[in-house]
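Hi everyone, thanks for coming. I'd like to walk you through a structure that may be new to you, so let's bring it up on the screen.

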Amino acid sequence: MSEIAQLIIGDKTYELPVIEGSEGEKAIDISKLRDQTGYVTLDIGYKNTGATQSAITFLDGELGILKYRGYPIEQLAAKSSFIEVAYLLIYGELPTEEQIKKFNYDLSHHTLVHEDMKKFFDGFPSKSHPMGQLSSLVSSLSAFYPESLKPNQTAEELNLSIIKVLAKMPTIVSWIYKKSLGHPYIYPQNKYDYVTNFLNMTFGQRTEVVEIDPVVVNAMNTLLILHADHEQNCSTSTVRIVGSSASNIYASVSAGISALWGPLHGGANQEVIEMLQKIQEDGGDTDKWIAKAKDKNDPFRLMGFGHRVYKNFDPRAKIIKKACDDILEKLGIDDEVLEIAKKLEEVALKDPYFIERKLYPNVDFYSGIIYRALGFPTDMFTVLFALGRLPGWIAQWKEMKVHKEPIGRPRQIYTGATNRDYVDIQDR
Ligand code: ACO
């Protein structure tokens, strides 16, 4: 028999259904609570609120488990490619050889962006942050593909919009980088796979080696796979909620990019490297910086530490730490900042402050060190996160549409002034 939760308010008892997920997660279904009782729930920051039922990504924060469509992240990171994982997330199954061939073909035939878009690149000041540019540029795709504005696209039309945003993102990202250098843009080439194409458009002119070095291509694939989805995080929830008003995919993804930008979310990867550099310039005294992170009167936080959901360890951080060691070794790079990161981690993991609060290194703690080794400037790190997260945002947006979810619209508990009479300005 399915479980029932009982809610007692005053002298009344209400029965609420209990929903159980495929991994045994349980939720009290309060969707009719206000109609039944007149009450709403209050959960600032949605720490205990399930916003949807999703079949895309499962994570267990206590056990440090992350799976996409049932496949453990460790297996996908070791064996799969980013584009195969993108297919898995968006379409629900690992592709057959034929399916992946078609997917790659479709993607490679939509990589170009409209030539008029170059004017937007030219309009940004050279020092403007790449995330602001990315958000605007992705949103502007809706102007070039107005058919995407139809709220009731057919399955084929919807799929074409998905292919377009996925295919054009690497071109946009690499051109933002080229523009920041003042270098000419490099056009996509159909002969390359998704990741190689991106690396070629980004570093193509600088060195042939980067373009063909499988170590770099593998590292990039791993990083993108690890970032590809993470269930209902801040940016993904943003994408779903924007899409729930029947906004087009470009506008929804653009909103996700803005949400990801913040230093408490994807922006942390840039902050981590900047923090490590600061500690290095300050003499490398990790104890001093740990003490600052613990001091409630000091706004400093140990960036790359802590997670809303992972309270034991972040499985992505484990994979990234190992990848980081491998890549630096293979590329023959000796990065002092890595030593500081390792020392910080070692000290923090033994410190009661971090142990009691279950604060562990998250995915961003080591990713920046790899991006740096690959040659990306610091302010591009969060853009790379967005490139990786894109299939997840698309899959979640699509799921929200297929499920015909209602417009997202939370309630509130009003705490402001009650009735007041308007006072003329001269009498205030
Ligand atoms: N350094 C020092 N103290 C911390 C840190 C940190 N990085 N993170 C949390 N704490 C402390 C808080 O001060 C708080 O202490 P208190 O209970 O004594 O008041 C306690 O740990 C709980 O922290 P909250 O902020 O309430 O936890 P929440 O779940 O809301 O936040 C978050 C999670 C935002 C990730 C937080 O840990 C943080 O700011 N970390 C640094 C930024 C970061 O790395 N973000 C990337 C997250 S991963 C991602 O988005 C891909």
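Predicted model: local features only at pLDDT ≥ 70, side-chain atom pairs only at ≥ 80, totals over all residues.

**A walk through the model**

The residues lining the largest cavity divide into five nonpolar, four polar and two charged.

Let's step back to the overall layout. The protein chain is divided into domain 1, residues 4-50, and domain 2, residues 268-374. Between the C-alpha centres of these two domains there are 38 Å.

Why is helix 3 described as largely enclosed by the rest of the structure? Because eight of its 10 residues are buried. Those buried residues are Phe82, Ile83, Val85, Ala86, Tyr87, Leu88, Leu89 and Ile90.

Helix 11, residues 234-243, gives us another picture. Its buried residues are Ser235, Thr236, Val239, Arg240 and Gly243. They sit on the same side of helix 11, because they cover an arc of only 140° around the axis. If you want the background, an α-helix has 3.6 residues a turn, so residues three or four places apart point the same way. What covers the buried residues of helix 11? The cover includes helix 12 and helix 19, the latter being residues 381-402.

Helix 12 spans residues 249-261, and Ala251 is found in it. Ala251 counts as partly exposed, at 23% relative accessibility. Leaving aside neighbours within four places in sequence, Ala251 is in contact with Ser139 and Val242. Phe203 is 48 residues from Ala251 in sequence, and their C-alpha atoms are 29 Å apart in space.

You'll find Ser54 in the loop between helix 1, residues 33-37, and strand 4, residues 57-60. Is Ser54 buried or partly exposed? Ser54 is partly exposed, with a relative accessible area of 31%. Beyond its neighbours within four places in sequence, Ser54 is in contact with Gln232, Arg240, Gln396 and Glu399. Ser54 and Glu231 are 177 residues apart along the chain, yet their C-alpha atoms are separated by 8.1 Å.

The loop between helix 1 and strand 4 is also the place of Tyr46. Tyr46 is not a glycine, but it has a positive phi of about 50°. For context, most residues other than glycine have a negative phi. Tyr46 counts as exposed, at 53% relative accessibility.

Where else can we see this kind of backbone angle? Lys358, again a residue other than glycine, has a positive phi near 55°. Lys358 is found in the loop between helix 17, residues 352-356, and helix 18, residues 364-374. At 42% relative accessibility, Lys358 counts as partly exposed.

Helix 18 itself holds Gly368. Gly368 counts as buried, with a relative accessibility of 1%. Setting aside neighbours within four places in sequence, Gly368 is in contact with Ile273 and Phe381. Along the chain, Gly368 and Ala27 are 341 residues apart, and 36 Å separates their C-alpha atoms.

One last stop: Asn190, in the loop between helix 7, residues 155-181, and helix 8, residues 194-203. Asn190 is partly exposed, with a relative accessible area of 46%. Which residues is Asn190 in contact with, leaving aside its neighbours within four places in sequence? They are Ser108, His109 and Thr111. Tyr105 is 85 residues from Asn190 in sequence, and 8.3 Å in space, C-alpha to C-alpha.

Methods. Residues numbered from 1 in each chain as written. Heavy atoms only, no water. Domains from an automatic or database assignment. Helix = DSSP H or I, 4+ residues; strand = E, 2+ residues; numbered from the N terminus. Buried < 20%, exposed > 50% of the residue type's maximum accessible area, 1.4 Å probe, protein only. Contact = heavy atoms within 4.5 Å. Nonpolar A, V, L, I, M, F, W, Y, C, P; charged D, E, K, R; others polar. Arc of directions from axis to C-beta.
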